[in-house]
Amino acid sequence: MAAGPAPPPGRPRAHMPHLTKMERVVVSMQDPDQGVKMRSQRLLVTVIPHAVTGSDVVQWLTQKFCISEEARRSPSHPSPEALHLGAVLVQHGYIYPLRDPRSLVLRPDETPYRFQTPYFWTSTLWPAAELDYAIYLAKKNIRKQGTLADYEKECYDRLHTKISHAWDLVLMQAREQLRAAKQRRKGDRLVIACQEQTYWLVNRPPPGAPSVLEQGPGRGFCAASRVHMTKSADFYKQEIEYCRRALGRTRVKSSVCLEAYLSFCGQRGPHDPLVSGCLPSNPWISDNDAYWVMNAPTVAAPTKLRVERWAFSFRELLEDPVGRAHFMDFLGKEFSGENLSFWEACEELRYGAQAQVPTLVDAVYQQFLAPGAARWVNIDSRTMERTLEGLRQPHRYVLDDAQLHIYMLMKKDSYPRFLKSDMYKGLLAEAGIPLETKKRVFPFSWRPRHSSPSPALLPTAVEPTAAGGPGGGDGVA
Amino acid sequence: MAREECKALLDGFNKTTACYHHLVLTVGGSADSQNLRQELQKTRQKAQELAVSTCARLTAVLRDRGLAADERVEFERLWVAFSGCLDLLEADMRRALELGAAFPLHAPRRPLVRTGVAGASSGVAARALSTRSLRLEAEGDFDVADLRELEREVLQVGEMIDNMEMKVNVPRWTVQARQAAGAELLSTVNAGPSSVVSVEERGGGCDPRKALAAILFGAVLLAAVALAVCVAKLS
């Protein structure tokens, strides 16, 4: 079986945790005293042991997890929780049906099921390798003399184009594996064939069947941890380091975290164009881009919602160019405008070009930090010492400490005063709510809708004002 | 002839890898036992021996600068097949290590998963070792020492793969496999009507079929008895 990328040594186990839980459940089902009752499956001549019925599985789950009396009605009406848990086990391939192998559902009646061997558990073999699938399809081709399902034929052809260099190996292995399987007795051969079939049904589901192993974008790399039989000093050093890092992580209680989440959603709900609609109208629907024009980054009259947002947090105020300009005016009235200028200069240093860094650092020092400078900022002595030391070897993050200090100063001191000031109250009163455009009577507008111009054409006269509108991108109702 | 020799070695290695794969399938299941672990050990040691000799042979041939172009193409094909097979073996060995550690045989607290496979696998191991039959008796705690050795061998095989890649550079995209898609259908391996039929049928409908057979048999028996009575009456 083709191995995936070799896991880096010492990386902690990062498996999908629901798989480990399911495996624990499956293993506890195997207990000879308290496990599920096993029966035998009778085929024409052979008898294969270790079959379980769907109803036994559901009953065992109900008992083991003490699914409550109220929820449990009668044995013929199993509780939905137990049914769901059993269905999840079957969908992931830990238990497979014997009569109808292609439909991985749990029926709480006499349908027989069997357990999957640990080799084919998802956590052992995940992700499924292409070479293995090719070998499986070749084996099936040989056994069934060419009558594969349609989607399997397609996969076969696709694999042949993808890994055509390894096709000799595929066929050699397929033939040898079939010959090796012949050395077993018939019952075992059947069981192993069923197991492999189930594994591939779960990992390469037929078109239309939901894939249970799909994960969202950005997830997926689960490096299996290496098994360590001889635990050397290195292994223990890595474990200690891992535990130390884990202890140092900040943890927030979920009650606190969820409350914060709720309050965030409650606060921002009316401002989100997807959740509460946008006025005057959704540009994607009505072809009228007044919304974007009104919410452009630099606009003379900001809307009321926008001005309200400045009160949510200091960061909101600074990130909005209009807000920042008004805040600068306010600070000018209070004679502390140099704080904001210093902060802006530091931002420019952080995100600017590498070549400008030495000159910029010098300019900032001369203007804001040197004793007797024109716009001297008030930084406490310890931070000032550290900054001056760092200025000997300037890099783009050398003014971070000072910038943070000034930021916190503005946030704790000037920002609350700004929110209480007459200037802000005046801005709030002035800002207007745009009117909703009247909906036309007919669903079709008489104005012919023109498609947006092709990007290959150069813009002719008017510059599009849509760029950078905050709600522009997601105005799809 | 070097080509035949390499081909024969590769075939042997391929066979042993397939048998090893087949044996690893049952680790942790109901057929797991100390004997199985010992068979696994013997199989993988044989596989490693074959791997080492094939690797040495192929490396020697491919590093020879004076090799003709068409011969080189041939040997590169064998090389790609061999390295793929070695990857398969290494992955199977790693999984055997993981499963063996997760399902220790001597600890009663972790029962094996009852998968329905109950028979002995000595036939498979015998095929791998190219002997007629195999009789092994493993001691009670064979698997503990075996796992340590297995860990070492996994590392060894990993090193061998690395060395191989260092010594010989064969870009995979330049190699054309000799067999086309669907070639397995032309040479009908004795698929055996038994295996085809047995995978199709399941437990469903057994009893009605048996009942039908019983009814038919009874009817034939009655007809025979009636005929015999008639004959007896006539004569």
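A: We begin with accessible area, which is computed by the Shrake-Rupley method with a 1.4 Å probe. The model shown here is predicted. For chain A, the accessible surface comes to about 27,700 Å², and 57% of that belongs to carbon and sulfur atoms.

Q: What percentage of the residues of chain A count as buried?
A: A residue is called buried when its relative accessible area is under 20%. Of the 477 residues of chain A, 41% count as buried.

Q: How many helices and strands are there in chain A?
A: Chain A holds 21 helices and 4 strands. As for its contacts between residues at least 6 apart in sequence, 64% join residues at least 24 apart.

Q: How should I describe helix α19 and helix α20 of chain A, whose axes cross?
A: Two packed helices are described by the angle between their axes and by the distance between the axes. In chain A, the axes of helix α19 (residues 381-390) and helix α20 (residues 400-420) come within 8 Å and cross at roughly 150 degrees. Therefore α19(A) is roughly antiparallel to α20(A), since angles over 145 degrees count as such. On the α19(A) side the contact is made by A:T383, A:R386 and A:T387, and on the α20(A) side by A:D401, A:A402 and A:H405.

Q: Which residue forms a salt bridge with A:D413?
A: Side chains of opposite charge can pair when their charged atoms come close. The partner of A:D413 is A:R417, with the closest N and O atoms 2.9 Å apart. Both residues lie in helix α20 of chain A, 4 residues apart, which is about one turn of the helix. A:D413 is partly exposed at 38% relative accessibility, and A:R417 is partly exposed at 34%.

Q: Which helices hold A:E316 and A:R268?
A: A:E316 lies in helix α15 (residues 314-319) of chain A and A:R268 in helix α10 (residues 254-268) of chain A; the pair, 48 residues apart, links distant parts of the chain. These two residues form a salt bridge whose closest N and O atoms are 2.7 Å apart.

Q: Which residues make the nonpolar surface patch of about 390 Å²?
A: The patch is made by B:F217, B:L221, B:V225 and B:V229. Of these, B:L221 is found in helix α8 (residues 206-234) of chain B. B:L221 counts as partly exposed because its relative accessibility is 48%.

Terms used:
Residues numbered from 1 in each chain as written. Chains lettered and ligands numbered in written order. Predicted model: local features only at pLDDT ≥ 70, side-chain atom pairs only at ≥ 80, totals over all residues. Heavy atoms only, no water. Patch = residues over 30% accessible without salt bridge, like charges linked within 9 Å, V, L, I, M, F, W, Y side chains within 5 Å. Salt bridge = Lys/Arg side-chain N within 4 Å of Asp/Glu carboxyl O. Helix = DSSP H or I, 4+ residues; strand = E, 2+ residues; numbered from the N terminus. Buried < 20%, exposed > 50% of the residue type's maximum accessible area, 1.4 Å probe, protein only. Axes fitted to C-alpha atoms, helices over the stretch in contact; angles between N-to-C directions. Parallel < 35°, antiparallel > 145°, perpendicular 65-115°, else oblique. Contact = heavy atoms within 4.5 Å.
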